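Take a moment to look over the sequence and the model below. Then follow the text through it, step by step.

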Amino acid sequence: MGTVRYALILLGGLLVVGCTTLPRQTPPEAEEGTQAPAPEREDVVRVPAHTGTAVIALLARARQRVDAGDLPGAGAELERALRIEPENAVLWHYLARLRLNQSRWQQAEQLAERSNALAGDNHRLRRDNWRLIAYVREQAGDSGGAEQARRRAEALSSDLNEDK
């Protein structure tokens, strides 16, 4: 039930037509008692203004599937959206989050890395991807890799704080 609830929260803000910002979500609690970083109130992931109507419609369908508890179906809708807009780093990020919720750790990390490769100067998105990567690596027992990813996320957080 927690996975479905998290996925609902994750895709909930994404599917509001006309809205260009989303609340940043964090992964669920780790099985070994380690908790993922808490979201900061000012954190948002901005959906690109050029996101097309077909992609918005697919996101709405993904939301419906999540509401029905169909996480694989929601993933399929996000994948369709990515076939339309393969350079949309935010879509890659949200698919990574969905895969994280499905405990598909390796794929979640790879998708977050892909999102980072496309994110350009979107420091907030890149930071969130590095946080996701750190969480996945921690779950895999790679504490060194997790620490490295956390440092990269923190560096991007510092960049965001300097921009204020």
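How many aromatic pairs does a search of the whole structure find? The search finds 1. Keep in mind that this model is predicted.

Start with that pair. It is formed by the rings of Trp105 and Tyr135. A pair of aromatic rings is described by the distance of the centres and the angle of the planes. Here the ring centres of Trp105 and Tyr135 are 6.2 Å apart. Their planes stand at 50°, so the pair counts as tilted. For reference, planes under 30 degrees apart would count as stacked, and planes over 60 as edge-to-face.

Where do the two partners sit? Trp105 belongs to helix α5, residues 105-118, and Tyr135 belongs to helix α6, residues 123-139. The pair therefore ties together parts that are 30 residues apart in sequence. Are the two residues buried or exposed? Tyr135 has a relative accessible area of 6%, so Tyr135 is buried. Trp105 has a relative accessibility of 27%, so Trp105 counts as partly exposed. The cut-off for buried is under 20%.

Now step back to the whole chain. The protein has 7 helices and 2 strands. Read from the N terminus, its elements run α-β-β-α-α-α-α-α-α. The protein has 164 residues, and buried residues make up 46% of them.

Two packed helices are described by the angle between their axes and the distance between the axes. The axes of α5 and α6 come within 9 Å and cross at roughly 160°. That angle makes α5 roughly antiparallel to α6. An angle over 145 degrees is what this label needs. The crossing of α5 past α6 is left-handed.

Which residues meet there? From α5 come Trp105, Ala108, Glu109, Ala112, Glu113, Ser115 and Asn116. From α6 come Leu125, Arg126, Asn129, Trp130, Leu132, Ile133, Tyr135, Val136, Arg137 and Gln139. The residues of this contact of α5 with α6 divide into 9 nonpolar, 4 polar and 4 charged.

What does Ala134 touch, not counting residues up to four places away in sequence? Ala134 touches Ala146, Ala149 and Arg150. Ala134 and Gly144 are 10 residues apart in sequence, and their C-alpha atoms are 9.5 Å apart in space.

Now move back along the chain to another helix pair. Helix α3 covers residues 71-84, and helix α4 covers residues 89-101. They pack at an angle of about 165°, with their axes 10 Å apart. So α3 and α4 are roughly antiparallel to each other. The crossing of α3 past α4 is left-handed. On the α3 side, the contact is made by Leu71, Ala74, Gly75, Leu78, Glu79, Ala81 and Leu82. On the α4 side, it is made by Leu91, Trp92, Tyr94, Leu95, Leu98 and Arg99. The residues of this contact of α3 with α4 divide into 10 nonpolar, 1 polar and 2 charged.

Pick out Leu95 from that contact. Leu95 lies in helix α4. With a relative accessible area of 3%, Leu95 is buried. Leaving aside neighbours within four places in sequence, Leu95 is in contact with Gly75, Leu78, Glu79, Leu82 and Leu111. The C-alpha atoms of Leu95 and Ala74 are separated by 9.1 Å, and the two residues are 21 residues apart along the chain.

Helix α3 also holds Gly73. Gly73 has a relative accessible area of 8%, so Gly73 is buried. From Gly73 to Arg61 there are 12 residues in sequence and 9.0 Å in space, C-alpha to C-alpha.

Finish in the loop between α4 and α5, where Ser103 is found. Phi of Ser103 is near 60°. That is a positive value in a residue other than glycine. Is Ser103 buried or partly exposed? Its relative accessible area is 42%, so Ser103 is partly exposed.

Definitions and conventions. Residues numbered from 1 in each chain as written. Predicted model: local features only at pLDDT ≥ 70, side-chain atom pairs only at ≥ 80, totals over all residues. Heavy atoms only, no water. Axes fitted to C-alpha atoms, helices over the stretch in contact; angles between N-to-C directions. Helix = DSSP H or I, 4+ residues; strand = E, 2+ residues; numbered from the N terminus. Parallel < 35°, antiparallel > 145°, perpendicular 65-115°, else oblique. Left-handed = near helix turned anticlockwise from the far one by under 90°. Contact = heavy atoms within 4.5 Å. Nonpolar A, V, L, I, M, F, W, Y, C, P; charged D, E, K, R; others polar. Phe/Tyr/Trp six-rings, centres within 6.5 Å; stacked < 30°, edge-to-face > 60°. Buried < 20%, exposed > 50% of the residue type's maximum accessible area, 1.4 Å probe, protein only.
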